[in-house]
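Please open the model in a viewer and keep the sequence panel in view.

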Amino acid sequence: MSDEPQQGWAPRDPDGAGAPEPQGGKPGGKKKRKRTGWRRIFPTWRMVLGAFLLLCLLVGGGLVAGYLLVDIPPANAAATKQSNVYLYADGSQLARDGEVNRENIPLSQVPKQVQEAVLAAEDRDFYSESAIDPKAMLRAAWNTVTGKGKQSGSTITQQFVKNYYLGQEQTVTRKVKEFFIAIKLDRQVSKSDILSGYLNTSYFGRNAYGIQAAAHSYYDKDAEELTTAEGAYLATLLNSPNAYDVAAHPENKSRALGRWNYVLDGMVKEKWLSASDRAAMKFVDPKPAKAPSGMSGQRGYLVKAVEDYLAEHKVVDADTLAKGGYRITTTIQKPKQDGFVKAVEDQLMSKVDKDARKADRNVRAGGAAIDPATGKVIAMYGGIDYTKQYVNNATRRDYQVGSTFKPFVFTSAVQNGSTTQDGRTITPNTIYDGTNKRPVRGWDGGAYAPENEDQRSYGNITVREATDKSVNAVYAQMAVDVGSDKVKDTAVSLGIPATTPDLTASPSIALGPSTASVLDMTQAYATLANHGEHGTYSLVEEISKDGEKLSLPGRDTKQAVTREAADTTTSILQSVVDGGTGTAAQAAGRPAAGKTGTAEEDKAAWFAGYTPDLATVVAVMGQDPDTAVQTPLYGALGQPRINGGAYPARIWAQFTKAALQGKPVQDFDLTLEPGAAEPPSLPSQEPPATGEEENGGTTEGQNQGQTEGQNQGQTQGQNQGQTQGQNQGRTEGQNQGQTQGQNQGQTQGGTTTDGGTTDGGTTDGGTTDGGTADGGGTTDGGTTDGAGADSGLTDGLPTRSGARAD
């Protein structure tokens, strides 16, 4: 057999996988292998390349088609802005806006550095880059998708197109049109003309459209007279017109200053402003707003509150709402709104005499009322007149809430099953040491020994009594026992915003240094009235545009605290109205629970209370009408001091009585914590507080022998007047207080006669059986029956530290 290969035969593939070349195949060609296994799942590089080229073709074709098909339209309806109509809950008209505050000016009348401030705030590459910034658009989209909040990726050109040619609606169609019009406009119009149009159409808040209107509204001058610092502030407003108006929202000033600094620092970075000039620049506060005449009285306050509500809940932003055309039905009930205004007028403003008393010029009031069952705000009092005072006293967050915060401490104690330092469960009957300036125990953040009202000491006192008399020493210690961080959490759960200024987790939280608004406090007290069930308050029943309704936030109720925690708090707040500092609220003629409060230096006085049907908070505030600076209320209305148990409680009572007229009287249906009705629990013996002086029997430097008939030296009901370590007359419940030179337990730091006191009490206005006459009241500057004239406060001067119990 020949060794030559035979025709039609091929050698076997060494791997055994070979096969003869099919007939018609190319000589020497290789067979194409089929994709098997997992490789079949993935596209080939040819498929990927083809898809990419097809996508490019489609996108390119779409861009060309869009550019050709989308024309630059005429100016939108912003120049002929529609009115927004605001309605009461019954459908009657509350207010209507519609006047447009705008005056167009050429770019040459806007100072160069003011223009640059706007560029630093909104689009630093405006002159060097195209009308579209793809990177910014992608970054904004990514931040929105990843939950960092909605952010604009628009250039100034795009914003101008939105302002002038389109609208504020957040739709895909509008964004697509904006994209193509901006590209086309950038090719046909100069950058200067675009910037000029942008400055004349942008919304700056206060119903001001354009830089000229904004200059007049905020600084009462023409745009060409603006300084760089003023221009930087106006540029700041473009980011959030209402939020950064520091006159309308003083609590937002730190945020506005942060944005203002960002603008100026950007100008330095772009070399539009020297570092030295930047360093010397100071923020210039804008002037108070002048509201439209159609917004006089309470109308402007209500409209502004509704606008803020819609923006805060992301229903309609301020810019979009400002374009008009919305029909908004509020939750405000006209009869109750009128009743609130009348109550403030009858009980407060009618007594103001600006000619006779300078302090009366500073008297202001704010109030809000919420239906606990529905969360609807049914009435609100914002101030004397929106055209005279622009800031809404019901929604501002810059006045201390004082002792109206104390109930949240007790609520948190019950909610968390808290105990005292010696292990006793905290109930209304738990006994605390109410000694003035008693250092708190168990706090590792440093020494803290708060003063009581008028430096008064109470000795052993129950939580209920301490609430009635608003004893700072007790509640500061309770905040430590509960944990100030838990107290803060409880307050937030009840409805106080977590971002409230000065809402800090420390023992002082109990005394109310935080600056929640009247509306915030009303929401929290409404939660207590609703047995601990919290739901976000609402101000809007319905909103529509062109007949189409917009979605509103749901009630979203939850059990913020247990029913026992809320109801047990209600029980001790009933006691405040029945016989504590809030007795004036009894004039409502209904079962009521409430708490008085006073800000530091008497700059505000509060009453927060509720019936089973209605929660209402009223605050009387001091503010200079010219400078807007907060002022003490000493001497106002002819009174040495204004406290929460007086005018605020009287306003509350008149309004509540009128608002609930015709409704059946309901009593509170309460479920109390275990032990709430048990006898007071006695504390274990505690050693003297650190820092007590042993000179003349004083505690923390307090004078225990000068107040006529007042017991100021008891600590846990015992005589602690020791000199040189010797117990001189210790008899539980006895009075150490010397009156008018009498020798009763100590003589100017010396020794006592017979080692004790006479009959355990004092004479000539002293106490009997170690207590004070008529339940702790004193005469000649003290109180009577535990409360006394003007809701338990003395007629004396303010406390030295400014701390107030009420």
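How many of the 12 residues of helix 18 are buried? Select helix 18, residues 518-529. 12 of its 12 residues are buried, so helix 18 is largely enclosed by the rest of the structure. Here "buried" means under 20% relative accessible area, with exposed over 50% and partly exposed in between (1.4 Å probe, protein chains only). Helices (H or I, at least four residues) and strands (E, at least two) are DSSP runs, numbered from the N terminus.

Two remarks on the model are needed before continuing. It is a predicted model, in which local features need pLDDT of at least 70 and side-chain atom pairs count only at pLDDT 80 or more, while totals for chains, interfaces and linings use all residues. Residues are numbered from 1 along each chain as its sequence is written, and side-chain values use heavy atoms, with hydrogens and water left out.

**Helix 18 in detail**

Remain on helix 18 and display its side chains. Among its buried residues are Val518, Asp520, Tyr525 and Ala529. From first C-alpha to last, helix 18 reaches 16 Å, close to the 16 Å expected at 1.5 Å a residue; the expected span is 1.5 Å times one less than the number of residues.

**Helix 11**

Move to helix 11, residues 299-312. Its 14 residues reach 20 Å from the first C-alpha to the last, close to the 20 Å expected at 1.5 Å a residue. Helix 11 is mostly covered, with 10 of its 14 residues buried. The buried residues include Gly300, Lys304, Asp308 and Leu310. Just after helix 11, select lysine 314, whose phi is positive at about 60°.

**Helix 2 against helix 9**

Select helix 2 (112-122) together with helix 9 (253-269). Two packed helices are described by the angle between their axes and the distance between the axes. Helix 2 and helix 9 pack at an angle of about 110°, with their axes 8 Å apart. Helix 2 is therefore roughly perpendicular to helix 9. Axes are lines fitted to C-alpha atoms, for helices over the stretch in contact, and angles run from 0 to 180 degrees between N-to-C directions. Angles under 35 degrees count as roughly parallel, over 145 as roughly antiparallel, 65 to 115 as roughly perpendicular and the rest as oblique.

To see the contact (heavy atoms within 4.5 Å), display residues including Ala117 and Ala121 of helix 2 and Tyr262 and Val263 of helix 9.

**Leucine 107**

Now select leucine 107, in the loop between strand 3 (101-102) and helix 2. Is leucine 107 buried or exposed? Leucine 107 is buried, with a relative accessible area of 15%. Leaving aside neighbours within four places in sequence, leucine 107 is in contact with Gln115, Ser192, Leu195, Ser196 and Leu199. Serine 196 is 89 residues from leucine 107 in sequence, yet their C-alpha atoms are 5.2 Å apart.

**Two loop residues**

Select asparagine 207, in the loop between helix 6 (191-201) and strand 4 (208-209). Its phi is near 60°, a positive value in a residue other than glycine. Then select lysine 437, in the loop between strand 8 (431-433) and strand 9 (460-462); the phi of lysine 437 is also near 60°.

**The whole protein**

Finally, display the entire protein, which has 22 helices and 18 strands. Buried residues make up 52% of its 806 residues.
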